Amino acid sequence: MLFKKILRRVRQLLPPYHGLGIRIMISISFTAVTVTGMFLLCGMLILRFSNATRILQRDTSLRMIEQVNQQMDSYLRNIMQLSDTIYYRVLKESDFSEEIPYEALELLYEENRSKLVSISVFEENGSLVTAAPIYSLKEDVSPGQQEWFVQAMEQIENHHFSTPYVQNLFSYGGEHRWVISMSRYVELNYHGETKRGVLLIDMSFSELGQICRNADLPGGGYFYITDRQGEIIYHPDQQLIYAGISQNNQVKNIPDTDGIHQVKVDGIPYQAVVKTVGYTGWKLVSLIPLKNLANDVDQYRWFGITLLLFIVFSLTFVNMHLSEYISGPLSRLNQAVNELGAGKETVEFREEGCIEVRQLTHSIETMVSTLRHLMDDIIQQEQNKRRLEMDVLQAQINPHFLYNTLDSVIWLTESERYEDATRMVSALGKLFRISLSRGKVIIPLKDELEHARHYLTIQQIRYKDRYEHQISAEPDTENLYTLKLIIQPILENAIYHGLAVMDEDGLITVHAWRDDKNLYIDIQDNGAGMTQETVDQLLDESKPFRKSKGSGIGVRNIHQRIQLAFGTEYGLEFFSEPDEGTLVRARLPILDEQAASAYQKEGGQS
Amino acid sequence: MKRKLSNFMQLGIVAALGISVLLSIFIQEVSFPTVSENRMEISVIFREWNSSTWGEIRLGMEKAASDYQAELRFLTPQEANSPSEQQHLIEQEIKNGANGLVVIPAAEQVLQLFSDNKITVPSVTIESHSDEQIPCFTPDSEKVGQLLAQAAAEDFTNQATALLINPLPDNTGIQERLESVQKYLIEDHFSILSATSDNWTELLPQSDFVILPETTSAVWLLSFLEEEQLAIPLYTVGYSQEIINGLENESIRAAVIWNGYGEGYLAVQQIASKLLKTPPPESQPAVILVRKEDMYEPENQKILFPIGH
């Protein structure tokens, strides 16, 4: 439930998917997933590694102190065993009244020379019985008053270990040696009489210190040893502490109990591990600054962070390129399709990217090619259809006109107006010659005007000169071309509708003129004229075609032909006033011979 | 346009991540240097070399150098106690880029370099004191002289004649110790004979005891007295093996001692602290007067006898 809420909330915060490109989508989602995964993985690794490092450091400290403790214990036990050997195998076996067992002591000393400075035996009064190696006791020393002697005599069951001191009993050839003394109570046999005495074994301090020095603690840590009272036995800075330069504050602050402690010495936190050294009760302590321990963990953390950043960097880089590799071809394909949709004729389709995208590009290219072919076919079909329509319209004119004209010729012949009949038949012949025009649709303007003239001649004969006609053309229209047979139907309408009600004084004018862009043919009559309503209905294809007297071919037919041939910006315009007359203006493109020829070849709108 | 913006943003993110990687590497390099590339170079210029006299100081210096990752260069004039050679060595070391100097000046002439501010690196002197600006970790000469005079006064009545030998008349530290001894002996109304290395043998028969506050010369004098079988009590300074033996066989009646190991340690620590801009050491080596009968006292042992090397 909570997860769903969070998911919903995240979705609300995120932008909608449909607003993002495929490239961004791939980049963001891949990067987000991989980065999240890497964060979790690296975080867990760092955490586990840090913990493992801490545990390892703790274990190392414990192991090291255990190791040093064992070495120390072993060293001291060796000394105690040596003292037992000396006591039970040498001193007990000897009768000191007869012979001092010097050779045996010397032998044992030689065997343990690296550890020992001297072995010596004293009587109860402090006088030297024997020593190995042979050293002369200094004259003014009193062994019996020294601490090691007193302790041995007071606690006869124990081995006593001293703190380090400079042994001043013997003259070691001018040397002054730091020793740690082990003393014990012994009984000396003098011809059956037992005398009390003390066995003293002086251990080399440097040898004992070497055990601690050899142990390498992590993080700049070190070992030191104190006795039960906190007196320093060994410390790496012992000389400085003795000189009063270094403070032994750590010794004062460390707890006595064995185990791991965290302590502060001079404000610096340390990890202290305390271990009691076997028989002696000495405290072996390892001290490691926590800062140095944490240093290792920090290093791992930083390494993890660097690694994480590098992986995120690499993944982002790779994702960026991968998304570009996938989405780039798709984007370009999309762009090409858009351009195609916008009407660009030549669009390049680059087959690139993944195999699926390549296949898609290839399919779209093939589809576009097929569509183009289909469109070309459709256009061709449309053009053919238009031509057919024009031919049909054209065909609609010719029979009507022929019928009417022949009807007039019959009528003239019957009326014995042979001259008029001859003129009409002559005009009809010329008219048909122009109409045929070798099958051309576009003819010179002058032919079209000539055609109109012949037509009017015929009609004038038919209508007994009830009207006059004038046909003229501006000089700059001389070499222009026009659609064939567009004036004649209009003249026919003018005669049948405009002038039909007039008995005389009818006038029909045909005038061709041009401006920069268009050719205009004005056909005007001074007949009955039309209301605006009638004018509006003439070209309105939504209104039914009104059959009336005449050829039956309406002006709408002419208008459609012109528009089919040249486009919708061309066609007929009507200006009419009732009882005033009508002006029909045909607007056509400027076609010179070359344009007419080209149009003729195309057979339709260019 | 939108695509370009998107490209720029992606490039920006990649660039930012790349910079972050480099930055984290840089931080690691700075925070956790694997090797200290710029180790401090500290030159130690002795006035003479005698391992018995100066060995402990040197060990103390080496310990401090180890603690502070410093590199020490020990130099000694070819001619012992030659101030001109020592001056040359100092100048040469500064020129060679030493970061700090520890000098045991042979004479006033060498100390003059410090007074003239010709030494531009952190410096410390041993034995002879220059001025307040230059730390000196040898026990105060006044105190040393006082202890020596006090020891002699305990052993002799003021009818006795003291021979004060100055083997190095140009050495300020030794001169100051002798001046202090002389001051306190005069206060106690002792007769005083002053000698140098040229004329002390002539004055020796006239004296009841000798005070020579310089270790190397004292060791030499000890061997001379032994050879000549002269039993004139000697009061001196130092912690060399010969001095200790002299104390033990009572040819030295009393000696003022201090811990040479600590002295050397403090000298290098002082320079390292200055270079590292950490608080300087506040300690001074403890100074004690030792006679045969108390040389094995636990606290005296700790100062007199080197441990654990």
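**Exercise 1. Find how many bridges join β16 (residues 518-525) of chain A to β18(A), and in which direction the two strands run.**

Step 1: Eight bridges link the pair, and the strands run antiparallel. Strands here are DSSP runs of E with at least two residues, helices are runs of H or I with at least four, and both are numbered from the N terminus. Two strands pair if DSSP finds at least two bridges between them.

Step 2: Look at one position, Asp522(A), whose bridge partner in β18(A) is Arg585(A).

Step 3: Turn to β17 (residues 571-577) of chain A, which is joined to β18(A) by seven bridges and also runs antiparallel to it. Here Glu573(A) has Arg585(A) as its bridge partner.

Step 4: The hairpin of β17(A) and β18(A) has three residues between the strands, and Asp579(A) takes a positive phi near 70° there.

Before going on, a word on the model. It is predicted, with local features needing pLDDT of at least 70 and side-chain atom pairs pLDDT 80 or more, while totals for chains, interfaces and linings use all residues. Residues are numbered from 1 along each chain as its sequence is written, chains are lettered from A and ligands numbered from 1 in the order written, and side-chain values use heavy atoms, without hydrogens and water.

**Exercise 2. Decide whether β18 (residues 581-589) of chain A is mostly covered or open.**

Step 1: Count the buried residues (under 20% relative accessible area; exposed is over 50%, partly exposed in between; 1.4 Å probe, protein chains only).

Step 2: Eight of the nine residues of β18(A) are buried, so the strand is mostly covered.

**Exercise 3. Work out how enclosed helix α14(A) is.**

Step 1: α14 (residues 555-566) of chain A has 12 residues and reaches 17 Å from its first C-alpha to its last, close to the expected 16 Å. That expected span is 1.5 Å times one less than the number of residues.

Step 2: Nine of the 12 residues are buried, so α14(A) is largely enclosed by the rest of the structure. Among them are Ile558(A), Ile562(A) and Phe566(A).

Step 3: Just after the helix, Gly567(A) takes a positive phi of about 115°.

**Exercise 4. Now for chain B: which strands stand at the edges of its open sheet of four strands?**

Step 1: The order is β2-β1-β3-β4 (chain B), with parallel pairing.

Step 2: β2 (70-75) and β4 (123-125) of chain B are the edge strands; each has a single partner strand, so one side of each lacks a neighbour in the sheet.

Step 3: Inside the sheet, four bridges join β1 (residues 40-45) of chain B to β3 (residues 100-103) of chain B, and Val44(B) has Val102(B) as its bridge partner in β3(B).
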